[in-house]
Amino acid sequence: MTDTPQMARTTARRFDPFDFLARYGTLIALLLLILFNLAFTRNFATIQTLNVNLTQVCTIVIVAVGMTLVIATGGIDLSVGSLMAISGALAPMIFLGKIMPIGNIYLAVAAAMLVSIAVAGLFGLFNGWLISAFRIQPIVATLVLFIAGRGIAQVMTNGNLQTFRVPQFQFIGLGRVLGIPVQVILMLLIVLAAAWMLKRTVFGRQIIAIGGNERAAELSGIAVARVKLLVYAISGLCAGLAGLVVIAINSSSDANLVGLGMELDAIAAVAVGGTLLSGGKATIIGTLIGAMTIQLVRYTLLANGVPDAAALVVKAGIIILAVWIQQQGRAHA
Amino acid sequence: MDTDILLSMTGIDKRFAGIPALSAASFTVARGEVHALIGQNGAGKSTLIKVLTGYHRRDAGEVTFDGKPFEVASPQQAQANGISTIYQEINLVPYRSLTENICLGREKRRFGLLDWASMHREAENLLQRFNIRADVRRPLMEFNTATQQMVAIARAIGFSAKLVIMDEPTSSLDEREVGVLFNVIRQLKQDGVSVVFVSHKLDELYAVCDRVTIMRDGRTIRTARMDAIEKIELVSSMLGRSIEKTEGHATAFTARDEKNIGKVLLSADNLAVGQIVQDVSFTIRSGEIAGFAGLLGAGRTETARLVFGIDRLKAGAMTYGDKTFEPRRPSDAIAAGMGFCTEDRKSEGIVPDMSVAENMMLALMPKLAKSGVIDEKAQQEIVKRFIKQLGIKCSGPDQKVRELSGGNQQKVLLGRWLAMNPRLLILDEPTRGIDVGAKGEIQSLIKSLADQGLAVLMISSELEEVIEGADRVFVLRDGISVAEFGRAAATEDALMGAMAHGNAPAVAEALV
């Protein structure tokens, strides 16, 4: 009864290097990388380099935003890569008129985008349903579509490569507004919307509460099942959109390749960004920074003549380092 | 060096992020002694133990154990050196057999293979010391909490420990099992093993301990022989102030005015779900504190879960207000104006990584929000008001709730429900694991809430709490509500009689 709140407040908190690293480590790493490149990589400080890096990181960030929300509830979504393949396979079938001819190309593109993103969202909802209604572990539940999803995409296209040249559609992958690539704008919009949602809305707070203590959340009247359904649906929607961006950039859709390995890239970005993989603590901006750091490491190595295979090893090293710093920060907090 | 001293800790300092948790604490345990370590939550007991077992590194001070300086970097190392700890939460592997749990980390080998036969034998022998005859080949999760606790103790003793630390070992045991545990402690003592016993239950200390060390604010205030210190002295040393309680009044509950009690708010008739709740009937009036008394496993918590919609009724019916009440999930009960502070704060109450404010607003948040967007300003105001009103000790609304002591966490949870302006509050063991000072505050808070018209259903294993706090007491036994007592009739003898022997509702009516 003797230590008053005043006392606790006035006692200066000693600087804790691990806490500081856990909080700002990824950002510092990103800044160091930029400094390094400014000094050693030729032509780094150009708009073109910026655009190359941003366009390459876009799809990962879009998927990773959905993944961050899923992980914040204590879950994981392995199906995102396959859902990208499904939306990537479905959209050309619609705007090329393979399912039913649509006269107006704008109408066709709009329908293609809406329907394929919605379908990916529905598959996400299916994930959420498995997890909340049957209490299947998220890693197992989403493994179902991880395996089946790509199969569905291949069956839809008979395993054929779909190529197209539809500028109205490819605007989302190749277009620019005020010199900024459209997918970068999309990415930023999604990041900002999700960050705001997580911080300022009831839904966001409920996501964190479920990840932090699901039993307590349920007993506080939070509709845990509904929140989980929505979170996996959002992850599906994000994956659907990312699938469209990928095929728009490539002018083609190959169900074998679209979104391949994306689930792991997204999880890596989330982890490096500082979101707890066990749930209950999440940062969307961190995920953005995490994805950019991984991207820039790879770029730095490639630009300085290190082969891509070696870059993968470095990527893995960064993930280990990030998770280690997180744990230290937590243990010392 | 005095050979009778097993452990001596002197001048121990430990700071967390600049805030001292221990300052110049000292602690001495003799060989073959049962030594109580008590103090309010946040007094530094756990920190002292964690420093000793190598979980935390001390900032300053000396530790000698068994005549030698004692430096360990982890609890495992401490264990290897003869100090075993049994934590409040049971740290065992539910899917593995009793033998595996007991022998985990020190498996016996023969020709490079595990020697199962001798491990099973050892596990059986260890458990027999506790009078437990169980098939050690069965997985742990098939046994009840008490047996699991005994397994944890057997595991600790099996390490040929010289010092066993028990951190609130009795919190999940019923009376008979506590008796068994005390026999084990006496047995250990005879074998020359020292025991450090951390508990909030003062009676237990007198029953089993030789000496006591009292901690407050990170310091060791006093060490005394158990038979040379009065209960009231213990309490006043812990609190650091003199006690203004009348003789024979053990809780902060004071007499209540009958006229504060209104109409029947909730009436439950013949509730049943499975084996554990078979036939429970009771009523609660607004402004009334209704108490549930009963032994462990009598179905008190399970009945509360039915009322709150966590579990679904198999039989029976409830009326709430004037309407039939059939909650399907907690949100139904919350919408009807109920709140439920669960027994297990850690796993069912707090969200540890969230702030005080976020925890407190968890249930109210949707109501305060404007089209799904949180109204931060309104929230902050409410949170600040409750922090002040409930006397929550925290650095501010943004402090993480896991950094608070148990009593303050409980107040945050009370705040969570009070912010909803409820009509019925269910409190399951509201003062368990909470230090004496905060306990009194929470008890007087419950009373003043009832005075304002709130109906309270209070489950408590502490008889005095139910007797002095409740306007009416319902006694449950083996899933059946066997008796109901008014304030005057609720005496310790009457309640214990009903807990032990009551079985027919007819008997109960005769007792009223």
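**A tour of the cores and of chain B**

Start by selecting A:Val61, A:Val63 and B:Val456, which touch the most other members of the largest nonpolar core, a set of 173 residues. A nonpolar core here is a set of buried Ala, Val, Leu, Ile, Met, Phe, Trp, Tyr and Cys residues joined through C-beta atoms within 7 Å; buried means that 20 or more other C-beta atoms, placed from the backbone, lie within 10 Å of a residue's own. Next, select helix α11 (residues 224–250) of chain A, which gives this core its largest share, 17 residues; helices are DSSP runs (H or I, at least four residues), numbered from the N terminus.

This is a predicted model, in which local features need pLDDT of at least 70, side-chain atom pairs count only at pLDDT 80 or more, and totals for chains, interfaces and linings use all residues. Residues are numbered from 1 along each chain as its sequence is written, while chains are lettered from A and ligands numbered from 1 in the order in which they are written.

Return to A:Val61, which touches A:Met187, A:Val191, A:Leu288 and A:Ala291, leaving aside residues up to four places away in sequence; contact means C-beta atoms, placed from the backbone, within 7 Å. Apart from this core lies another, of 65 residues, including B:Ala25 and B:Met150.

Now colour chain B by domain: domain 1 (5–239), domain 2 (248–337 + 422–512) and domain 3 (349–420), with bounds from an automatic or database domain assignment.

Definitions and conventions
A residue is buried if 20 or more other C-beta atoms lie within 10 Å of its own, exposed if 12 or fewer, and partly exposed in between; C-beta atoms are placed from the backbone. Helices (H or I, at least four residues) and strands (E, at least two) are DSSP runs, numbered from the N terminus. Two residues are in contact if their C-beta atoms, placed from the backbone, lie within 7 Å.
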